[in-house]
Amino acid sequence: MLCGEDAAALVEPLIAGMVENPPWSLFLERLKERVAADYCSLVFRPLPFGTPEARVIHLYAGRPSPPLVSRLYREELYRSDPMLYHDMEEGRVYALDDLLKFEDPVHREYLDQMLEPSGMNYMRMIRVTETSGVSGWITITRHTGDFASDVDALLRDFAPYLRAAMCGQVALERERMGAAVATEAIRRMNFGWLTLDGEGRILDADYTGSELLAASGRLTRGKDDRLTARDPDLRREIGDAVGALLRNAHSRPRAIVLSREPWLDLLLVASAQRMGTTQATPAIVAYIHADNWSSADR
């Protein structure tokens, strides 16, 4: 297993890299330096979901292929790429002569047109597959001189850590996609949300909720950060509804019409989120809905 200086240098940026943009930038730089590579990449191909254009994710550090070579690969060479990526044994480190048959004309053409012009004369590649079936490939290359004798062992020892990080990344991307779709649907309906704590103070809000809170002219954030309203009657109605939900989490949701022209309403619901989050746990979720149509338009 990975230990010592290698673990300290590589594992932390691997974990932190899941929330980098692009992911794993520091990790790839650290790995490139550690193995003395000219180029280091992490590729997922293909992902089992998403559009065909988005199914290859290519992250790298170092010197990539020249622009003309990259364009040639995108336009033509990818069709004849002879490397059997998905046939690679998981966790095994492959050198260039394991991946290409130099006596094969197709393989030789790929070497001559893609790898050698890119300075990829010496290579190591390893494949890792996480539990949902997504595979990732680490590739390191050098222009001059082969890799040190301990590099293969380093890549093998690192494979379990990469597999674990990939599991987290796949789950995170799936949640991000679901959240993006839901957010877009809510935005189109002009819904926003706020969360309130056990004292009725505003904890958080999405973009639409923040905009409606600021622009509605009806709702406001009090000096004590509590959700309130400028109109005294509405202020009292909101306060009573929030108080009832705080006293009894099983109390029915409360709907309040804030304005009729244009339409603006508020739905207060006791939060079902009680544990399992690193954020402050909300007691109430306030949904704000605006409609810019007049009653005649409706």
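Analyst: Of the contacts in the chain between residues at least 6 apart in sequence, 53% join residues at least 24 apart, where contact means heavy atoms within 4.5 Å. This is a predicted model, in which local features need pLDDT of at least 70 and side-chain atom pairs count only at pLDDT 80 or more, while totals for chains, interfaces and linings use all residues. Residues are numbered from 1 along each chain as its sequence is written, and side-chain values use heavy atoms, with hydrogens and water left out.

The chain contains eight helices and twelve strands; helices (H or I, at least four residues) and strands (E, at least two) are DSSP runs numbered from the N terminus. Its radius of gyration is 27 Å, well over the 19 Å that the globule rule gives for 298 residues, so the chain is more spread out than a compact globule. The radius is taken over C-alpha atoms, and the rule is 2.2 Å times the number of residues to the power 0.38. Along the principal axes, the C-alpha trace spans about 85 × 50 × 30 Å. Of the 298 residues, 40% count as buried (buried is under 20% relative accessible area, exposed over 50%, partly exposed in between, with a 1.4 Å probe and protein chains only).

The largest nonpolar core has 32 residues, among which Trp24, Phe27, Ile138 and Ile140 touch the most other members. Such a core is a set of buried Ala, Val, Leu, Ile, Met, Phe, Trp, Tyr and Cys residues joined through side-chain atoms within 4.5 Å. At least two residues of this core come from each of helix 1 (4-16), helix 2 (25-35), strand 1 (39-44), strand 2 (57-62), strand 4 (122-129), strand 5 (135-142) and helix 6 (151-188). Helix 6 gives the most, with nine residues. Beyond its neighbours within four places in sequence, Phe27 is in contact with Leu10, Pro13, Leu14, Ile138 and Phe158.

Trp24, another of the residues that touch the most other core members, is found in the loop between helix 1 and helix 2. With a relative accessible area of 0%, Trp24 is buried. Its backbone deserves attention: Trp24 has a positive phi of about 60° although it is not a glycine. Pro22 lies in that loop between helix 1 and helix 2 as well, and the peptide bond leading from Asn21 to Pro22 is cis, with omega near 0°. Ala36, in the loop between helix 2 and strand 1, also has a positive phi, near 55°, in a residue other than glycine. Ala36 is partly exposed, at a relative accessible area of 40%.

Val69, Leu72 and Tyr73 of helix 3 meet Tyr110, Gln113 and Met114 of helix 5. By class, this contact has five nonpolar, one polar and no charged residues (Ala, Val, Leu, Ile, Met, Phe, Trp, Tyr, Cys and Pro are nonpolar, Asp, Glu, Lys and Arg charged, and the others, Gly among them, polar).

His107 has its place in helix 5 and, at 11% relative accessibility, counts as buried. Not counting residues up to four places away in sequence, His107 touches Pro82, Leu99, Leu100 and Lys101. Of these, Leu100 is found in the loop between helix 4 (96-99) and helix 5 and is buried at 3% relative accessibility. With residues up to four places away likewise left out, Leu100 touches Pro82, Met83, His107, Tyr110, Leu111 and Leu115.

A second, separate core has 24 residues, including Leu219, Ile238, Leu258 and Leu264. Leu266, in strand 11 (residues 263-270), counts as buried at 1% relative accessibility. Beyond its neighbours within four places in sequence, Leu266 has contacts that include Leu219, Ile238 and Leu258 as well as Arg254, Tyr287 and Ile288. The C-alpha atoms of Leu266 and Glu116, 150 residues apart along the chain, are separated by 64 Å.
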